[in-house]
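Hi everyone, thanks for coming.

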Amino acid sequence: MVRQADTNSLLAGALRWLSQRGSIAAQNVAQADMPGFRAKDLKGTFAESLKNRWFGRLKLENTSENHLQGLPAGGAAVEIQDSQPSLSDNRVFLESEMTKLAELGEQSSVVAQLYRKNHQLMQMVLRGQKG
Amino acid sequence: MDFTQVMKIAGAALGAQSTRIRVIAENIANTDTVYKQGVEPYRRKRVLFESVLDRANSADLVQVREIAEQNSPPVKKFDPNHPYADSQGYVSYPDISALVEIADLRDAERSYKANVQVVEGAKRFVKAMLDIIR
């Protein structure tokens, strides 16, 4: 059942994208008071992550010369461009990060459910059950 | 999200904001601590954050770099009858404005709550993943 395997990798890609985006949002929230910090986000949308079977890892930020060069960026985290800097040149909007996290929670719940249903479907086929 | 990674990130931020709140509380408590001859005066304290790379979790963790004392001159009030008044009759107080401190406190509280929400979000994510194998 090649189609089923495709669905699996599709959903797995989406879960990875959501997971990665969640980590970046968590980082943004944690650094909401750091002067000069720019909020980051993943490029693309949820729909695109499904289409492209997203697979990537965050590039490690090098904050000093002693850091090793990070992993190659599959899905790059980019800075959010159109944000107003605060007095300390920080560019994180807590509200948008919070709504983003809520959205990610919803989407991950949906994808997890789909993954489960797909798995059940495969089991049904393998066991030869009807309906 | 990688649960361990998010817990480290949010945990570090919670700790840093918590320190910030404690320092603000100290400042507010010492708004009226009069400068006395021969005693080290209370100066307004400020928390300085820094970002430290945690290689094991590939995350930038927020930490308190230092709690610095502000070098601003004291606020002088004219009160010649005060036991600690100087030769001109002025009493020196630390340069702390309760309003500024409370505004800072609100900001710290907001950050703290946001980080708690991040932890809650990570927990929901893990729960959704576990539901797959239910």
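Let's start with a term: buried area is the accessible area, taken with a 1.4 Å probe, that two parts lose on being put together, summed over both. The size of an interface is often given that way. Before the numbers, some housekeeping: this is a predicted model, where local features need pLDDT of at least 70, side-chain atom pairs count only at pLDDT 80 or more, and totals for chains, interfaces and linings use all residues. Residues are numbered from 1 along each chain as its sequence is written, chains are lettered from A and ligands numbered from 1 in the order in which they are written, and side-chain values use heavy atoms, with hydrogens and water left out.

Okay, the interface. Between chain B and chain A, about 2,600 Å² is buried, and carbon and sulfur atoms give 64% of that. Counting contacts (heavy atoms within 4.5 Å), 30 residues of chain B meet 27 residues of chain A.

How many salt bridges does the rule find across the interface of chain B and chain A? Two, where a salt bridge is a side-chain nitrogen of Lys or Arg within 4 Å of a carboxyl oxygen of Asp or Glu. One pairs B:R110 with A:E95, with the closest N and O atoms 2.5 Å apart.

Which parts of chain B are involved? The elements giving two or more residues to the side that touches chain A are α1 (3–29), β1 (45–54), β2 (59–69) and α2 (98–132) of chain B. Those labels are DSSP runs, numbered from the N terminus: helices are H or I with at least four residues, strands are E with at least two. The most comes from α2(B), with twelve residues.

Now zoom in on one residue, B:R44, in the loop between α1 and β1 of chain B. Is B:R44 buried or exposed? Its relative accessible area is 13%, so B:R44 is buried; the cut-offs are under 20% for buried, over 50% for exposed, and partly exposed in between, with a 1.4 Å probe and protein chains only.

The side chain of B:R44 also makes polar contacts: one of 2.7 Å with the side chain of B:Q70, and one of 2.5 Å with that of B:E101. A polar contact is a pair of N or O atoms within 3.5 Å; within protein, one must be able to donate a hydrogen and the other to accept it, and residues adjacent in sequence count only if both atoms are side-chain atoms.
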